[in-house]
Amino acid sequence: MKFGGESLLLLGLQLMPWPMTIQPCLANPHKPQYGGGIIRNPELNQGLKGWSTFGGAKIERRESGGNHFIVAHSRNQTYGSFSQKLYLQKDKLYTFSAWIQVSGGNAAVAAVFKTSDGFKHAGAIFAESGCWSMLKGGLTMKSSGPADLFFESKNTKVEIWVDSISLQPFIQEQWKSHQDQSIEKTRKTKVRIQAIDARGNPLPGATVKARQRKLSFPFGNAMNKYILDNPAHQNWFTSRFTATAFEDALKWYTNEPSPGKEDYSDADALFQFSEQNQIAVRGHNILWDDPKYLPGWLLSLSPSQIRSDADKRINSVVQRYIGKVNSWDVVNENLHTSFFEDKLGPNASAVFFQETRQLDKTTPLFMNEYNTLENGGDPLSTPAKYLQKLRDIQSFSPGIGSVGIGLQGHFHTPDLAYMRSSLDTLAAAKLPIWITELDVASSPDQASYLEQVLSEAHAHPAVVGIVMWAAWKPEGCFRMCLTDGQFKNLATGDVVDKLISQWTGRFVGMTNADGFLETSLFHGDYEVSISHPTLKNSSLIHGFKVAPTDHMSQEKVMLVTLSA
């Protein structure tokens, strides 16, 4: 782009992506992370030192190919295994990992810590026989005290084999530092700027100012019909957010309250508003597997009638809004509930994904679940269960392509260590991850907790977008509001503004003696100006884009001529 006689040279460098640590099922386990951390005898090289029986099981050390591991057999209880006594400290964040195998078939195995505050589930995995799978987990302690680490599996017929156990504590500052490092690698590009004059000579001492036009990372909030006739609400929303999901307007019970009588009026108006304001819309949702959130008239129908009406629903909503959504939540919460599977068979979700793909060839299709990030104690929606369901859908209908990972994120007291380990486990599938309904339950720490979970999600390289579930309505929000009724920020809204500011690129700097300036900028579109004593006027340059690069060796060069 040419605007006169000076030039601005931009070279962008992208660091290698943050490596994921989850490995496939292997013939031999890897060494324990962090050398085992605070675990004693993590590789079982010292017999059973540090380990004892738990839940009435019998334990022994075995060896295969020079590798030692611990085995729990003769298990009569789900928690029959082995344990190690530990002392865990308040406010420390612990990352956990272990390599697991079972004696036959496959079985879900979980790592659990018995603490003075109750049982804390650190992580779970589907372990197989004949190879070692890595269980990755985490936990955060709210009080100091003794703890027992043990393993459990509902399948008491299998032996549990474990090796390379690790438990590594981190303080808050270390955790935050890791987030910052990940953001530098994932969300930013290193940029080298050179200012030169009309004759190509370096322009030292030039002041360069750049400001990102709009937050590039997709970040948003749910909306409902009450935004449509409220200018204050609209201004507050559109000045902040680039993504949304409709709270109720796209759900079946709203669109077809009685058989055959469709009503898309609210959804149509919200789509129009979103398009006018360049806000991306998640298609939430086509179907819901929970009968409490289906049209009441559907529940008493025969299976064949349910199938027919579900097909009509898919055709109706998808064809109406194809090209207007950036994703479809096809069957909501199909890990916790199973209305359609109970009525139509175990592959009902997969069939609905297949039908949606036949109608819409390009829009990403998503699962959408709760408690996968929020609660390690929910056995129905662990990351391992999530990935198993996702694989079942894809294997039944390979033509649907990849299925995205939607994680609701309805938090009470967040456990960031567990949250990160869950994201790491899910990220190994190399599929896009959206946080789709993020909120935090009301408490004196609500705003602080909101900042914690938003920061953790944004820092993770596999997360490609976040939508909060805090749509305002006169009777109050679902669990969390960001503003009062006059659209003045509450403490939670202040957190949102703080993070948007932190995630939006801007800088002011001066070129060195050689006319260079180096900085790191968030990806996105920027406006940049340059001023210098030899220049008569500062000139604004439009269209300066910072984009991610795949390799550190790549250089992105942009040459811009400025008016003198």
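The largest nonpolar core of this predicted model has 89 residues, and Phe219, Trp328, Phe340 and Ile433 have the most contacts inside it. A nonpolar core here is a set of buried Ala, Val, Leu, Ile, Met, Phe, Trp, Tyr and Cys residues joined through side-chain atoms within 4.5 Å. Apart from it lies another core, of 32 residues, among them Leu86, Phe113, Ile160 and Leu167. In soluble globular proteins, nonpolar side chains tend to be buried together.

A word on reading the numbers: residues are counted from 1 along each chain as its sequence is written. Because the model is predicted, local features need pLDDT of at least 70 and side-chain atom pairs count only at pLDDT 80 or more, while totals for chains, interfaces and linings use all residues; side-chain values use heavy atoms, with hydrogens and water left out.

**The chain as a whole**

- The chain holds 11 helices and 28 strands; these are DSSP runs (H or I over at least four residues for helices, E over at least two for strands), numbered from the N terminus.
- With a radius of gyration of 27 Å, close to the 24 Å that the globule rule gives for 564 residues, the chain is as compact as a globular protein of that length. That radius is taken over C-alpha atoms, and the rule is 2.2 Å times the number of residues to the power 0.38.
- Along the principal axes, the C-alpha atoms fill a box of roughly 85 × 65 × 45 Å.
- Buried residues make up 55% of the 564 residues, where buried means under 20% relative accessible area, exposed over 50% and partly exposed in between (1.4 Å probe, protein chains only).
- Of the contacts with a separation of 6 or more, 77% join residues 24 or more positions apart; a contact means heavy atoms within 4.5 Å.

**Inside the largest core**

- Leaving aside neighbours within four places in sequence, Phe219 touches Phe241, Thr242, Ala243, Leu454, Ile466, Met468, Val496, Ile500 and Trp503.

**Backbone features to look at**

- Most residues other than glycine have a negative phi, and most peptide bonds are trans.
- The peptide bond from His284 to Asn285 is cis, with omega near -10°, and Asn285 sits in the loop between strand S16 (280-283) and strand S17 (287-288).
- Ser164 has a positive phi of about 50° although it is not a glycine. Ser164 belongs to strand S11 (residues 160-170) and is buried, at a relative accessible area of 3%.
- Phe487 also has a positive phi, near 65°. Its place is the loop between strand S23 (463-468) and helix H11 (491-502), where Phe487 is buried at 9% relative accessible area.

- Gly80 lies in the loop between strand S4 (67-73) and strand S5 (81-88) and is buried, with a relative accessible area of 0%.
- Beyond four places in sequence, Gly80 contacts Phe54, Gly55, Ala57, Ala72, Arg75, Phe151 and Ile160.
- Gln101, in strand S6 (residues 93-102), counts as buried at 6% relative accessibility.
- Beyond four places in sequence, the contacts of Gln101 include Ala127, Cys131, Trp132, Ile160 and Trp161.
- Gln101 and Phe126 are 25 residues apart in sequence and 9.0 Å apart in space, C-alpha to C-alpha.
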